[in-house]
Every structure is written in structure tokens, then in C-alpha cells.
Amino acid sequence: MTVSQRAQQLIPSVTLAISNTARQLKAAGKDVLSFAAGEPDFDTPEHIKAAAIQAIQEGFTKYTANAGIPELRDAVATKLKRDNGLHYTRDQVLVSCGGKHSLYNVFQALLDPGDEVIIPAPYWVSFPEQVKLCGAVPVFAHTTELNGFRLNRQVLEPVVTPRTKLLVLNSPSNPTGAALSRDELAGVAALANERNFWILADETYEALVYDGYQHVSIASLSDDIYRRTILVNSLSKAYAMTGWRLGYTAGPTEIIAAMDGLQSQMTSNPTSIAQRAAVAALAGTQEPVYAMRDEFARRRRYVVERLNQIPGIRCGSPEGAFYVFPNVAALYGKRHAGAAATNSTTFSAYLLEQALIAVVPGVEFGSDAHIRISYATSMTNLEKGLDRMAEAVAALR
């Protein structure tokens, strides 16, 4: 018996694999420091946990409406109006089992075999894999380190074709942390309107931005772009709710209805208890989010400064998320203790073996010159890890 071609062509998540390897090494007694996982090290805020506990105590443990409980869909609509200046009704909102599930719903609802989906590179590893699962074709728009990995019309326009169905717009970005300006978004929006393609706006990291950057949702720029944008967000990053598995989508009623139907056959409703917690997250105090953002900003400054002090590594300062994407290509071709750093994969393996630091090779995100480092870990771990990295790099000859 053989598995389907669909399953055979799927590339497993390297980020999850590296995180699992780091956990196994830790379980074996190794002092591994993981800078791989995209997961806040903060606990879920107390008022959110309290809402979940209350839901359990009240017996709110049954099936809910497939698209999410009404009060959560209303809370999402209220949040989008409050924070993004966007007006959605309840029937334009769908709640799903995490941001990844929300994205997959969008792709399944919009894409047919042969459709082209533009994905700016570097990109989050799941974007092209989910597109391929639909029989569609990922097409990469390559941004560069010279302009901070920022997408603009000039980068995007050459890869638009008559088969272009959708652009994935991830701002702030995983893995680079790049976040687009209003003018850059306006250029992208104008091209989408001219060439008639959809925009999937993944705004998972919108709350985690720094140095005065103001997040702008592309859907807020005009009525025309609002009508062709599907917005995806998640509770995971901003509220430290990764394990709760809740994401949401907002967009045109007919697209949300199609996604609702698909979800009804795949998962049905998200967990009832987590939904009640999500209402508290979106409608309650945002102070824990601000405190987490301020701590991430402090860590980001430290990590960028330390990386740029290591010979052979250069690192820009991203506008958002909790990742840096340093260039390590100047170290390729060097060796130590029988290990050669020839590309981002072997360099990452070298750091794990020699320094017990887990990072993600940039080739998984579409750029072999880089590695991704998450600073969603304690300052103590960052200090220790960067000390180890500096020593490991200095040993390369």
C-alpha cells in the first residue's frame, strides 16, 4: 500500500522537527537552548485562564456553532474595528482551530488546481506546503536583505500572471520580522485591484511591533481592497495562547460561508472552553500584551546588537514579530572539529552539536544565506546562547 501523492510531496515542518530534537536532547540531560520555536515564553494571562476555568465549571463543554460562538465572533468584529478601523459583521467572521487552520481554510475555499499563489520570500514554511496541498502553484516574490526584506510593487509586479489568484501578505513577517509601511501596502493594493487577485493578509504578529511602527491592515486602505482581502489572525502569539489553538478569519460573506462549510466537514467547531477564553482575551485588558511587547523589544535590541558583534554575522533590526534573520553566509566554507559550515543547514547543525543551540536554517524559509533565531525566550537564555554562539563561530577556521 502506498500513501497519496499529496502526502508524499508534503515537506514536514523543520521548525517543529528541530524543536522536538532540542526537547529530546534536554530530556537526555543536555543543556540545550532552543531559539527555534515560534512560541512566547510567557504564560497565558490570568484573566484569560479564569474565563476558561469558569466555562468548565459552568459546563460549557459541548459542541458550539461550527463558525464559533456568537459572542466570540462579535468580539473579533469589535477588535477589528477598535484596532484596525475595519467593519465586519458576525457573518463575515469564522473562528477556527488556530491560525494555521484558518489559513488552510482560505486556501481550500479559494484555490483550484493550477492557480498561482504569490508568496513573498523569505516565507513561513507552511505557506507553500498548504498551497501545494490544494493543487495550486506557489510562486515566490524574492525580497532582499538590502531593503529589509520588504515587499513592494516593484518586487511583486514581475511575478503576477493571468493565473495569479492570490497574494499571501504576512506583515509583520515570520521569519524576517519585516513589516510594511502604508505606502508599500498602497502599492500592493493598487496592483491587486489592477490585476484582479485576492489578498490573504496574515496579521498574526500585528500586536508585536517596535520602535514606533504602527501596524496598518491593508484592508483598511480602500473599499476596493477591503472587498478582495481575507484577513487571518491568531490568539497564539499576542496572548501567549499557542496551545489553546484558536485563530480567526474575516472577509467577504461568500468566502467565509464557503470556509464555514469546509470546516464543518474537517473539524467542526473549535474547543468550546478555548472560545470563552478568547472572548476574555480580545475584550479584556490588553496590558499583558503591551508588557510582553515591551519585553520582546528589549530582547530584540540585545540580540541584534550581540549578533552584529560576531565576526561573519550581520543582522538587521526588524519592525515586528519575535524573530531575527541574520546573514551567516560569510561563515560558509569554514570548519571545526570535523564539522563544516557549508550552508544554513550544516551551520545550524554545527550550532546544535557544538554549542547546544537550536536555530532554524534559512533554507527552509527560502534563503540559504540566513538562519532564523527566535527571541521568545528569557534574557538569561539569550545571553548564554549568544555567548555560546560567539565561541562556536570563533572556533571556525
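**Notes on strand S8 and the overall fold**

1. Strand S7 (residues 229-234) runs antiparallel to S8, and four bridges join the two, where strands are DSSP runs of E of at least two residues, numbered from the N terminus, and two strands pair if DSSP finds at least two bridges between them. Within this pairing, Ser234 has Gly247 of S8 as its bridge partner.

2. The model is a predicted one, in which local features need pLDDT of at least 70 and side-chain atom pairs count only at pLDDT 80 or more, while totals for chains, interfaces and linings use all residues. Residues are numbered from 1 along each chain as its sequence is written, and side-chain values use heavy atoms, with hydrogens and water left out.

3. S8 also pairs with strand S2 (residues 93-96), again in the antiparallel sense and over four bridges, and here Leu94 stands opposite Thr249.

4. In a regular strand the side chains alternate between the two faces of the sheet. In S8 (residues 247-250), Gly247 and Thr249 on one side and Tyr248 and Ala250 on the other are all buried, so that both faces are covered; buried means under 20% relative accessible area with a 1.4 Å probe, counting protein chains only.

5. For the protein as a whole, 55% of the 397 residues count as buried. The radius of gyration, taken over C-alpha atoms, is 21 Å, which agrees with the value near 21 Å for a compact globule of 397 residues, the rule being 2.2 Å times the number of residues to the power 0.38.

Terms used
Buried means under 20% relative accessible area, exposed over 50%, partly exposed in between (1.4 Å probe, protein chains only).
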